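Have a look at the sequence and the 3D view, then read on.

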Amino acid sequence: MPRPKCERQIFGIPDKNYFKPRGIPSMDLEEVVLNLDEFEAMRLCDHENLSQIEAGGKMHVSRATIQRLLSSGRYKLLDALLCSRAIKIHDQMEDQQ
């Protein structure tokens with residue numbers, strides 16, 4: 001059994017959590033789920049221009065965890081853009097409660 005995830009600090013919760021290409025009905029789209037912690041890591045490093053160490057400090061995770069979140073989040077985001085998929089930003093912690 002894997003150990004439980006520690007709670008990560010998320011400050012930039014978006015007020016919109018679903019994005020889709022214009023002109024394609026939602027029912028015809030595949031969906032990419034971007035986890036809230038992946039979104040926060042990208043927001044801190046790519047938008048706020050923090051280093052991975054600084055972002056890790058804000059989220060209370062290691063630099064290696066930030067690197068994994070960035071890699072996975074960027075892949076999902078680019079996949080959605082290149083393949084015309086919808087993007088859903090989802091909080092995994094909601095599922096556990």
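**From the inside to the surface**

Let's start with Thr65, which is buried because its relative accessible area is 13%, and the cut-off for buried is under 20%. Keep in mind that you're looking at a predicted model. Thr65 sits in helix H3, and its side chain makes a polar contact with the side chain of Ser62, at 3.0 Å.

Now for the nonpolar core. The largest one has 17 residues, and those touching the most other members are Leu34, Ala41, Met59, Ile66 and Leu70. Which elements give two or more residues to this core? They are strands E2 (31-35) and E3 (86-90), along with helices H1 (36-47), H2 (52-59) and H3 (63-82). H1 provides the largest share, with six residues.

If you leave out residues up to four places away in sequence, Leu70 touches Ala41, Met42, Cys45, Asp46 and Gln52.

Time to head for the outside. Here Leu77, Leu78, Leu81 and Leu82 make up a nonpolar patch on the surface, and together they have about 410 Å² of accessible area. Pick out Leu78, which is found in helix H3. Is Leu78 buried, exposed or partly exposed? Its relative accessibility is 49%, so Leu78 counts as partly exposed, since exposed means over 50%. So helix H3 holds both Thr65, which is buried, and Leu78, which is partly exposed.

Terms used:
Residues numbered from 1 in each chain as written. Predicted model: local features only at pLDDT ≥ 70, side-chain atom pairs only at ≥ 80, totals over all residues. Heavy atoms only, no water. Core = buried A, V, L, I, M, F, W, Y, C linked by side-chain atoms within 4.5 Å. Buried < 20%, exposed > 50% of the residue type's maximum accessible area, 1.4 Å probe, protein only. Helix = DSSP H or I, 4+ residues; strand = E, 2+ residues; numbered from the N terminus. Contact = heavy atoms within 4.5 Å. Patch = residues over 30% accessible without salt bridge, like charges linked within 9 Å, V, L, I, M, F, W, Y side chains within 5 Å. Areas by Shrake-Rupley, 256 points an atom, 1.4 Å probe, with all protein chains shown as cover. Salt bridge = Lys/Arg side-chain N within 4 Å of Asp/Glu carboxyl O. Polar contact = N/O pair within 3.5 Å; in protein donor to acceptor, adjacent residues only side chain to side chain.
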